[in-house]
Amino acid sequence: MSIPFNNPLSIPVLGFCAYSGTGKTTLLKKLIPELNRRGLRLAVIKHAHHNFDVDIPGKDSYEMRKAGARQMLVASHVRWALMTEDLVEEAPSLPHLLKQIEADKVDIVLVEGFKKLELPKIELHRAAHGKPFIHTHDANIQAIACCDDTVLPSELRRLDINNVGQIADFVIEYAKQWTASGTQLPLQAAPECGCELDTSKTLSVRQGIDKILTYVNPIRVSELVDIDDSSNRVLAEDAISPVDVPQHTNSAMDGYAFKFSEPMLGSYKIVADVMAGHSYPGTLQAGEAVRIMTGAPMPVGADTVQMKELAEENGQTVSFNGEIRLGDHVRQAGEDIAKDTTALAAGHRLQAAHQGMLASLGFGRLPVYRKPKVAVFSTGDEVCQPGEPLKQNCIYDSNRFTIKSMVKQLGCEVIDLGIIHDSEAALVEALKGAATQADVVISSGGVSVGDADFIKLALAKVGQINFWRINMRPGRPLAFGQIGGSLFFGLPGNPVAVMVSFMQFVQPALRKLAGETDWAPTLVPAIADAPLRSRCGRTEFMRGVHHLASDGKLHVTSTGAQGSGMLSSMVRGNCLIVIGERDEQLMPGDTVYIQPFSDLL
Ligand code: AMP
Ligand code: MG
């Protein structure tokens, strides 16, 4: 029995049906990114047969729903979810569910389940499962994805169940047909480089970072340094606190320490003054108080402090105003850091607060990992050393200076190999020399298409180097690999592309190499003040200025012209505006992520 279906939306809806175990979800998990890559924005509706829950006991939303909220909407700046309790026998109808989709945000809805609906569908079939066909009794099947040797009626459109690209082609064709008479689909060609290039060498930013990180083995050699010399070094062993911090229970205020009682006494006899660094030798009795300074140890017998401002002295006695609770204004011994606990785990990069805390535990020297050694050089016959006269048709080298500065910010030792001219022999020499001294070798220039082939030849002679195209702007070309035991990064030549590629790819690698654990770039949501455009399928790193606006929120504006050679945009900016692969056109008021420079520059 089939149930008629009316699509209430202005966008196409396409179902996927199969007997369980055919691999519907597995296919959809591959198909969704492929369709995204081609510019299609998707919604998916999945039918579940059983009682299910997406919430977790203990979460506020769960508890409020269990307390009786029929609808619970939980929202943040990244996602929102509406949970509705439908305590009816029948599952909600697909048209009703479709009406919940925001059709202006997506181009097509894919539906998993709802087998009995008269909904256009793709059937998935694996002969090996021995299950019957669906198309034999369902006229809504548009195509069947099956294995090569499956015999089908000739009029049925067949797709290869193992060919996600082909199934994606079909979905796009279907969506285009559906919209032929109505609205246009904002379909993009596959990212332009995908067609002429070996796609295994075209990577997203994330794929590039992930590949690089698999090659990075953290340095495990450590040394002891004076705490004064530990700035920006990475802690090599867990720092276990030898003491309680604070060491003694002490006063958090200038005031009077006494023994709490209920009700409070009308007045207390002042028996001593206790200054920081001193202590009261006796035991405080009920009805007695000491004048006490911030940080001074609490006398034995005292448990509460009243601040000076709420106390009145009268000769040798004191009386207190205001409400007082047991334990007020007292810092308990060990409440900040307890003895024998890990105060700071290995893998932290030591900055002011870490150093202060470790000093407060009494550490005078700290075990830190050896600094990574990083060799840096520039390439190009046109590149000249600053400080020397600029030759005809030449430019001053800026890349070596931005790279060296960022390398030093990351606490590495720099080996400056200067400018290497466009000659294979010179480059081979430089690379070999660099790899014997350094953990990482970084060059700039000479990795874009059409560049003198000697760079590739030279790199091939000294190591295993991959030439990638990253779907990003600026900074598309990137060479990465190994020369002996060293890692090699061949950054692009354009000065802004160099800095952006360094931030995205070299930075995580150097941090991992240095022993830092759990580092991730800081990404903060901000409100776009002006329209921002990108190309779907690539990540755009625009230079931006973030500022706190009069609405109390963080806003961001582009620095203006974004040429990949214009270092002034990096100087004017204080962040990168990260427009993700899927974003295309962001309007004023839309939220966009920014990566502040403060991490590195
Ligand atoms: P390339 O990839 O070598 O063709 O370089 C791309 C662009 O970046 C060219 O305009 C180069 O002149 C420029 N460039 C290359 N190396 C440097 C450098 N070290 N400093 C400044 N600009 C550079
Ligand atoms: Mg060059």
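Me: Is Met 307 buried, partly exposed or exposed in this model?
Reply: Keep in mind that we're looking at a predicted model. Met 307 sits in strand 16, and its relative accessible area comes out at 21%. Buried means under 20% and exposed means over 50%, so with 21% Met 307 ends up as partly exposed.

Me: How far is Met 307 from Asp 254 in space, C-alpha to C-alpha?
Reply: Along the sequence, Met 307 and Asp 254 are 53 residues apart. In space, the C-alpha to C-alpha distance between them is 5.9 Å.

Me: Strand 16 belongs to a sheet, then. What is the strand order there, and which strands are at the edges?
Reply: It's an open sheet of 6 strands with mixed pairing, in the order 16-13-15-14-18-17.

Me: Which residues make up the covered face of strand 18?
Reply: In a regular strand, side chains alternate between the two faces of the sheet. Strand 18 covers residues 317-320, and Thr 317 and Ser 319 make its uncovered face. The covered face is made of Val 318 and Phe 320.

Me: How many bridges join strand 17 to strand 18?
Reply: Strand 17 (residues 311-314) and strand 18 run antiparallel. Glu 312 stands opposite Ser 319 of strand 18. The number of bridges joining strand 17 to strand 18 is 4.

Me: Which residue in the hairpin of strand 17 and strand 18 takes a positive phi?
Reply: The hairpin has 2 residues between the strands. The residue with a positive phi, near 60°, is Gly 315.

Me: What about strand 14: which residue is the bridge partner of Tyr 268 in strand 18?
Reply: Strand 14 (residues 268-274) pairs with strand 18 in the antiparallel sense, over 2 bridges. Lys 269 stands opposite Thr 317 in strand 18. For Tyr 268, the bridge partner is Val 318.

Me: Let's go to charges. How many salt bridges does the structure hold?
Reply: Side chains of opposite charge can pair when their charged atoms come close. Four residues, Asp 397, Arg 400, Lys 404 and Asp 416, are even linked in a network of salt bridges. For the structure, the count of salt bridges is 21.

Me: In the salt bridge of Asp 107 and Arg 41, which residue counts as buried?
Reply: The two side chains meet at 3.0 Å, N to O. They link distant parts of the chain, 66 residues apart: Asp 107 is in the loop between helix 3 (94-98) and strand 5 (108-112), Arg 41 in the loop between helix 1 (24-37) and strand 2 (42-46). Arg 41 has 34% relative accessibility, so it counts as partly exposed. At 4%, the buried residue is Asp 107.

Me: Why are Arg 206 and Asp 210 separated by about one helical turn?
Reply: Their side chains meet in a salt bridge at 2.8 Å, N to O. Arg 206 is partly exposed at 49%, and Asp 210 is partly exposed at 38%. The separation is about one helical turn because, in helix 6 (residues 205-215), the two are apart by 4 residues.

Me: Are Glu 516 and Arg 349 buried or exposed?
Reply: These two form a salt bridge, with the closest N and O atoms 2.7 Å apart. The pair links distant parts of the chain, 167 residues apart, with Glu 516 in the loop between helix 11 (495-513) and strand 31 (524-528) and Arg 349 in the loop between strand 20 (342-344) and helix 7 (352-360). Glu 516 has a relative accessible area of 12% and Arg 349 is at 8%. With the cut-off for buried at under 20%, Glu 516 is buried, and Arg 349 is also buried.

Me: What area does the nonpolar surface patch with Leu 82 have?
Reply: Leu 82 lies in strand 4 (residues 80-84) and is partly exposed at 38%. The patch is made by Leu 73, Trp 80 and Leu 82, and its area is about 300 Å².

Me: What distance separates the centres of domain 2 and domain 4?
Reply: Domain 2 takes in 210-217 + 371-513, while domain 4 is 250-331. Taken over C-alpha atoms, their centres are separated by 65 Å.

Key
Residues are numbered from 1 along each chain as its sequence is written. Chains are lettered from A and ligands numbered from 1 in the order in which they are written. This is a predicted model: local features need pLDDT of at least 70, side-chain atom pairs count only at pLDDT 80 or more; totals for chains, interfaces and linings use all residues. Side-chain values use heavy atoms; hydrogens and water are left out. Domain bounds come from an automatic or database domain assignment. Buried means under 20% relative accessible area, exposed over 50%, partly exposed in between (1.4 Å probe, protein chains only). Patches are made of residues with over 30% relative accessible area and no salt bridge: like charges are joined within 9 Å, nonpolar side chains (Val, Leu, Ile, Met, Phe, Trp, Tyr) within 5 Å. Accessible areas come from the Shrake-Rupley method with a 1.4 Å probe; for residues, only the protein chains shown count as cover. Two strands pair if DSSP finds at least two bridges between them.
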